Amino acid sequence: MTLAIVLAADPAAGHLTERLAAQWRRAGADDVRIAADLTELADLVAAATGPVLVSGADLVAHTAVLKHLATSPVGPTVALVLTDPPAPGQATVREERGQVVEVDAADATGVFGGALRVGAADLPAVADAARRAAGAAPDAPDARLTDPASAPGVGATDGGPRNAVDRLVADLAARGTLIFAQRVRLLVAHRVGDEAQRDAAEAAVAAVDEDRAELKLSVKERDDFFTTFFVSTWSPYVTKAAARIGIGPTGVTMVSVAFAVAAAVLFGVGGRPALVAGAVLLYLGFVLDCVDGQLARYTRHFSAWGGWLDTMADRFKEYVVYAGLGFGATHAGFRYGWALALAAMTLQTVRHMTDTWYGALHDEAARRPKVVTADAGGIGGKLNAASTRVQADTGSVSYWLKRTVVFPIGERWALIAIAAALFGPLVALVAVLVWGTLAFAYTGGLRTLRARWMRVPVMATVDAGLHRDDGVLARTLPTTRRPLLLAVLGALGSAGTLVWALLAVHGGGDLPVWVPVLALVLLLGAAQASRAPHDGSLDWLVPAALRAAEYLFAIAVGVAGRAPAWLIFGYVLVLTLHHYDLTARLEKRQSAPPLHAATLGWPGRSLLLAIGLIAGYASIALATLGAYLLVVFVASVVLAWVVLPARARGGVRSPG
């Protein structure tokens, strides 16, 4: 149940109060209350059990603005942020990477819009903040919290009195609550202080076609070059049609998966007509991949299940296409077609792991106070400043080059489609590998320099054992420090084993037993850092290094054991799905999968494969362990998204 509260304590309250209350109802609130002051608001919040929507009575906006705030998928607690100049009593904010990181900052990027959504977990903090901002905290530990004039955020930056809702958000931010920013684009929202401002704001609201603006808003504000100019120019029409006939985002995602699978089959069949048809289907599949997100934003149908499914489907589609290209290249006479597909999948997964963890690093840095480090004017600081300037110069050549050179998904799919249609599967795979490697080197080098400049130990703020995917075996080993060094050594050991296995098989011999044993020792050495502090400025690279170590070791086992190439690909594909599940949960701030312990951890899986290789049953080990992990993955998905939610609701329904 969602409760909306209109705070009528400000001078602008009156006829706007009832109007806002009606708008909150149309925006989806189940119950709407009007609070006379912050103390009454605190009592209402304290009694609430679900999300709470709070607004002052001085807000004139499209109902869609309130609905967007109420349904925002970015986080549990979200504040409306405007670009209007601040009026007396209104709080200014500074946001970074979509987070409100400071209120009344000298370098403010916007003004608080007078409305926020509070997640259930933050309700106690909001109730306490409201009482403190109202000066009603008798058990406050110091005088600043019992004196309204000295409470955080009470005094406006211009020396005048602070509006009640602004006092609330200022106090909430001061205590470190994670608040995300909801910007207003194309629609209208203004805070008004008198009748003339109200009339002007209402006229601005009436001048905008709300539905047309919402359809345009369904397209991402900033996307990549190919998506912006070759997809988003017409995909909103598909989005509108899907909404009219009642197809949901999940249905569009499933059709997109079907298109990608069909394209992969055609790439495997080969022949010019099949390759061209596969390229067309791949392009249409990518259009639908964009439409599912646009449809979710247009209809405001967001869910944790939908976000998770979209992430997993994207990776599955791409890697199935790699499989089709690998089979097609092999079928056309190239001996190492599957090897190229494996290399492309491994490279892209490791890249994605660095993307996820660098994003977490950046988010953590944004939430921390700004500290001028000794090398603020060094290369890291200069790169950070240059990147900020380029990102701000939207539409410039440098802006598009920066967004394209990193080889995002739109560019990857476009390159695959064009190269496969014109030159065949082999050229498509080689092109993906070459551009992907260059992009990885570019982003990895720049991010490493910037991370050393930021000096934020992101791994110290998350469950390192879970997201390293260590498992029970790692927890039984003695603890050793230097997690990044050990992870890199493990990856190098796996890479060396793979090279030795390739040379041995090519020469018609066998891999000496001591080689995989030595590699396994290095892997277990990396596992010993599971419980060590991950507080180094580059420890965000640890999960990616561990993924590389496990994948390369599994491939080496398959090569040394002369397992079929498709079987090795299938095993690594199952591993990638498991690891993308973990990263998707990290990005969505969700708990571990229900059956995570049953996946054995990467040290346990590597140990079983090594035993299978030494015993002479590498193919059986890969097939058996891969099938087991796939069953565990599917069962975990059913438990997480069907069984457990149904139990929580008291019924049995499939996720929507």
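Okay, let's start with E96, which makes a salt bridge to R94, with the closest N and O atoms 2.5 Å apart. By salt bridge I mean a side-chain nitrogen of Lys or Arg within 4 Å of a carboxyl oxygen of Asp or Glu.

Quick caveats before I go on. This is a predicted model, where local features need pLDDT of at least 70, side-chain atom pairs count only at pLDDT 80 or more, and totals for chains, interfaces and linings use all residues. Residues are numbered from 1 along each chain as its sequence is written, and side-chain values use heavy atoms, with hydrogens and water left out.

Back to R94. Its side chain also meets that of E102 in a salt bridge, 3.1 Å from N to O. So is R94 buried or exposed? R94 counts as buried, because its relative accessibility is 5%; the cut-offs are under 20% for buried, over 50% for exposed, and partly exposed in between, with a 1.4 Å probe and protein chains only.

Next one: R562 and D510, with the closest N and O atoms 3.2 Å apart. This pair links distant parts of the chain, 52 residues apart: R562 sits in the loop between α23 (542-560) and α24 (565-587), D510 in the loop between α21 (483-506) and α22 (514-527). Helices here are DSSP runs of H or I, at least four residues, numbered from the N terminus. R562 is partly exposed at 41%, while D510 is exposed at 62%.

There's also a network: salt bridges link R19, E195, R198, D199 and E202. And how many salt bridges does the whole structure have? The search finds 29.

Conventions
Helices (H or I, at least four residues) and strands (E, at least two) are DSSP runs, numbered from the N terminus.
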